[in-house]
Structures are given as structure tokens and as C-alpha cells.
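Please take a look at the model below, and then we can go through it by question and answer.

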Amino acid sequence: MLSIRYTLVSFPRQKNMLFLRSFMILFLSCITININLCFPSIPSSRKTLSIDGHFDFEDVHHAAKDFGNRYSFLPLAVLHPKSVSDIATTVKHVWQMGPRSELTVAARGHGHSLQGQAQAHRGIVINMESLQGPKMHIHAGNLPYVDVSGGELWINILRESLKHGLAPKSWTDYLHLTVGGTLSNAGISGQAFRHGPQISNVHQLEVVTGKGEVVNCSEKQNSDLFYSVLGGLGQFGIITRARISLEPAPEMVKWIRVLYTDFTAFARDQEKLISGESTFDYIEGFVIINRTGLLNNWRSSFNPQDPVQASQFKSDGRTLFCLELAKYFNPEETTVVNQEINSSLSQLNHIPSTLFQSEVPYIEFLDRVHISEIKLRSKGLWEVPHPWLNLLIPRSKIQSFAQEVFGNILTDTSNGPILIYPVNKSKWDNRTSVVIPEEDVFYLVAFLSSAIPSSTGSDGLDHILIQNKRILQFCEKARLGVKQYLPHYSTQGEWQAHFGSQWEVFIQRKSIYDPLAILAPGQTIFQKAIAYS
């Protein structure tokens with residue numbers, strides 16, 4: 001058997017950077033109207049590469065930033081593709097350069113990664129939002145769907161599909177993300193208990209593999225690639241097009257919040273609501289730590305069922321748990337929907353005086369986080385470090401987790417929303433690459449912290465990272481069987497532990513679809529290397 005050993009390229013940093021930048025400019029600068037790129041390093045004496053878009057070598061700093069605002073790795077070039085062919089041609093060239101090239105390729109959507117996952121240090125970043133192809137196409141038949149570019153934003157899909165009275169079934173809480181970005185992870189929100197994550201609502205994909213091949217795949221065609229890419233963290237291909245399931249869209253949403261002081265009652269009610277035929281279409285929850293005037297703040301968007309009792313409720317100094325529910329409806333259904341909601345709420349064990357409700361248009365509800373974004377941007381608090389920690393926790397361990405984390409680790413304050421809600425494993429497809437806990441029901445717990453730059457206090461980056469580390473250490477010590485969502489690890493051993501029994505399949509798929517580890521280097525799962533026998 002031929003044994004191939006891998007070792008990392010190691011040049012002095014400054015010389016290596018200068019060499020690679022010169023190398024890239026030499027190879028990518030033969031630009032005409034059609035942008036012909038000359039690559040003499042390809043085995044043949046000379047080969048010309050034609051693309052419709054363009055490479056940018058100067059304005060690359062934006063591709064070294066993301067929402068996390070903690071990691072910054074400069075690429076040598078940014079590709080602004082006009083077609084899928086541009087992406088395939090570029091990746092294929094890097095593939096043909098072979099294992100002696102350090103070049104890697106990362107697909108960048110709306111830049112919402114947290115830890116440099118969509119960056120490519122000294123490589124090529126593909127600006128997926130530049131991708132132009134067939135326009136968004138909506139098929140409004142018995143099984144409606146929409147065909148969209150991998151660089152399209154979910155908010156645009158919502159706006160366009162609503163013109164046909166349709167909408168995707170499963171969402172993320174924030175809609176200004178690209179299709180390719182969320183499908184490479186999972187895409188989770190309060191609809192996941194019923195419809196599963198976004199990766200459970202895809203019929204077909206078009207993918208550019210790490211060899212530069214353009215492949216159409218689905219459950220019945222190239223199915224291994226299809227399931228590899230879904231939740232595959234960009235390791236097996238770049239999603240350039242997707243066919244997404246749609247359903248009839250409602251006009252309005254009943255939006256409801258109630259509070260609990262007891263976590264056990266809160267979790268029991270959440271689990272009751274996601275089992276069987278739930279009245280509600282969206283079920284989430286969040287943790288509130290030491291907030292003053294909480295219900296008064298809600299009054300700007302919600303109406304209390306009992307204003308007098310609500311005004312007497314004091315949240316000061318307490319840890320509270322908020323159950324957030326939504327029921328979709330059309331105006332002619334108002335009476336029946338109100339009866340269903342009242343019946344369901346009567347079976348819950350929330351604090352009666354804390355029942356708040358609101359009625360909003362469907363699009364306003366789904367795009368609710370963007371309203372917060374606008375406010376934070378106006379205050380200069382959006383582009384700050386976001387040391388988020390997202391965990392998937394088995395139902396049997398959620399009590400132990402809550403007792404330690406909300407009782408001992410996070411006691412004084414939180415630096416952003418803390419989401420917590422259960423989902424049903426039966427709605428997730430185990431053929432995809434995403435890693436989830438073993439139990440039939442598990443919780444998403446998301447610590448969505450924002451750090452104040454230069455602060456050394458409890459709202460500073462260092463303090464939040466220490467808290468995150470304490471949470472992870474407790475999970476490991478207590479053997480809770482927790483899996484990270486939007487994971488990030490620094491060693492392959494940690495990645496192996498994350499994937500567990502799925503690790504061997506993950507490696508095998510990598511060897512088939514991206515054997516040189518060209519794609520998504522920012523995930524730090526695999527590292528491109530020089531091979532010698």
C-alpha cells in the first residue's frame with residue numbers, strides 16, 4: 001500500500017506572504033473584458049481561465065471580517081462571481097494546482113460567521129452575494145417550492161414568495177443570511193419542533209465540489225453528496241443553488257410571551273407544547289437574569305392581558321424564564337384562533353399576570369431581529385465582538401445544566417439574549433452531516449453575547465469567554481452529552497470528539513469530494529498540506 005505523509009508548508013511569514021501575493025497577482029492579473037486568467041503552473045505549458053466576474057486584490061479587508069468580530073485573516077483575492085461557472089472554474093484551477101499549492105477557497109455569504117469560518121488566510125474568498133444566475137423561481141403547485149441562488153438572502157426569499165401567498169416552512173431567527181450559509185450548518189428557529197431545521201426542508205442542491213465539479217444532487221440523485229453538504233460546514237462543496245420547500249403563508253401572527261420563576265415548570269410546558277399536535281407554529285424561550293422593569297419594556301410591543309397585575313409584577317434581581325409562542329392565522333380565522341390559544345394557555349403553569357400578547361404581520365414577526373439590528377447599529381453596538389456559544393443539550397440533562405449554569409455561573413447579568421427551547425429529533429434527517437445529541441428531544445441553548453470593546457468588566461470579551469469556558473468545562477465534567485451548534489475547535493482531536501461515531505464517515509466524504517482540503521479552511525477541521533511519498 002502506498003503510504004502518503006502530509007506536512008504543512010512552512011515559510012517565513014513575511015516572505016511567504018509576499019511570495020504568495022506576487023504569485024496570485026501574476027496568475028490572476030491577465031484581465032480582459034471577459035477576464036482571462038493565466039495560470040502557467042497548470043501541468044500543460046499554458047492554460048487560460050475565463051470567467052465572467054472579476055477578482056479583487058486590493059479591497060480584500062471586508063473578507064477578513066465577520067459578525068463575530070474576533071478573527072481576521074486576510075485573503076489574497078476576493079472573487080466576485082457572475083455565474084456558477086466562475087466558481088467552478090476557480091476551484092477547479094486550485095484543484096489542478098495540486099497538493100503543493102497552499103491556496104484554499106472559502107465561500108462567504110453575508111459574513112455572519114462567528115470565528116472566521118468563512119475566511120481563507122492567504123487564499124481566495126468567494127463573495128456569494130455577487131453570484132448571478134437564473135432568477136429566483138417559485139413553483140406554486142400542489143408541492144410548492146422555490147429555486148434560489150446559494151448567495152440569496154432568506155429575507156428576499158420571504159418577500160418574493162409572499163407575492164405568491166407562499167413561504168418557506170423553517171427559518172432562522174435572523175433572515176439576513178444566505179441560503180448556502182444556513183444550509184451548511186442547519187438553520188434553526190422556533191418552527192424546528194414541527195418542520196425540523198432548514199436542512200430538512202430542501203429538495204435539491206447544485207454544488208461545486210472541491211474538485212471544481214458542478215453536481216446536481218437530491219435524495220434520489222447523488223444522494224451521498226446531497227446529505228454530506230447539508231450541515232457539512234462547507235467541507236464538501238459550495239452550495240450554488242437550492243430548491244426549498246414552501247407552504248401557504250399566513251397574513252398575521254399572534255405573538256405571546258409568558259413568564260416562569262421555576263425552570264422545571266417552564267421546561268415541562270415547553271416539552272408538552274412540542275409534543276403531538278401543537279396549537280402553536282413557533283415555540284421558543286429565553287432566560288432573563290436580573291432585569292428591572294421587564295414588563296414595562298414589553299409594553300412597547302405587547303399588550304398585557306391584565307394591566308393592573310402586570311404593573312405590580314417585579315422582575316428585579318430574579319432569574320426568570322420566558323416562554324415565547326406564535327400562532328399563524330388569517331383575519332377571517334381570528335375567533336377560532338383566539339379560542340384555541342386560550343385553551344392551550346389554560347393548560348400551562350406560567351405566572352398569570354405576565355401574559356402579554358401582540359398581533360403583527362407575518363413578515364414583521366419573522367424579520368423581528370432586523371429591527372433590533374437597526375437600533376443597535378444606530379448606537380454603534382452591532383459591529384462589536386460576539387463570543388456566542390450555541391449548545392444542543394439532551395432533554396435528560398437540561399435540568400442539571402440549568403441548575404449549574406443559571407444558578408452558579410450566570411447569576412448577576414447576561415450580555416445578550418439567552419435562548420432555550422426544545423426540538424424533536426424525529427424532524428432531523430440522520431443522513432446529513434450535522435451532529436446532534438442522541439435523545440429524541442434535545443434543547444438548543446444559545447448564549448448570544450455582545451462584548452463592549454476595551455471593557456475589562458463583566459461586559460468585556462475576556463469575562464464572557466471565561467464564562468463560556470466554565471459552561472463548557474461543566475458540560476464535559478458532568479458528561480452531559482452536549483454538542484455544539486455552529487461549532488469551532490482548534491484541534492482535530494476535538495473535532496473527532498465532536499463528530500463521535502460520525503467522524504469516519506465525515507473523513508471518507510472529505511476524501512471523495514474535497515481530497516486536497518481546499519474548501520472552507522476557516523472551519524479548521526482539515527488543513528491543506530503538501531504530500532510526499
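Visitor: Which helix gives the largest share of the lining of the second largest cavity?
Guide: This is a predicted model, in which local features need pLDDT of at least 70 and side-chain atom pairs count only at pLDDT 80 or more, while totals for chains, interfaces and linings use all residues. Residues are numbered from 1 along each chain as its sequence is written, and side-chain values use heavy atoms, without hydrogens and water. A cavity is a set of points on a 1 Å grid over the protein atoms alone where a 1.4 Å probe fits but cannot get out, and its lining residues have an atom within 4 Å of a point. With helices taken as DSSP runs of H or I of at least four residues, numbered from the N terminus, the largest share, four residues, comes from helix 14 (residues 461–477).

Visitor: What is the volume of the second largest cavity?
Guide: Its lining has 14 residues, and those nearest the centre are Leu410, Asn415, Phe447, Ser449 and Gln467. Taking volume as the space filled by probe spheres set on the points, which are joined across faces, edges and corners, the second largest cavity has about 80 Å³.

Visitor: How many cavities of 30 Å³ or more does the search find, and how much space lies in the largest?
Guide: The search covers the whole structure and finds three cavities of that size. The largest cavity is lined by 13 residues, with Leu233, Val434, Val435, Pro487 and His498 closest to its centre. The space in the largest cavity is about 100 Å³.

Technical notes: On a 1 Å grid over the protein atoms alone, a cavity is a set of points where a 1.4 Å probe fits but cannot get out, and a pocket is an open set with protein on both sides within 12 Å along at least five of seven lines; lining residues have an atom within 4 Å of a point. Helices (H or I, at least four residues) and strands (E, at least two) are DSSP runs, numbered from the N terminus.
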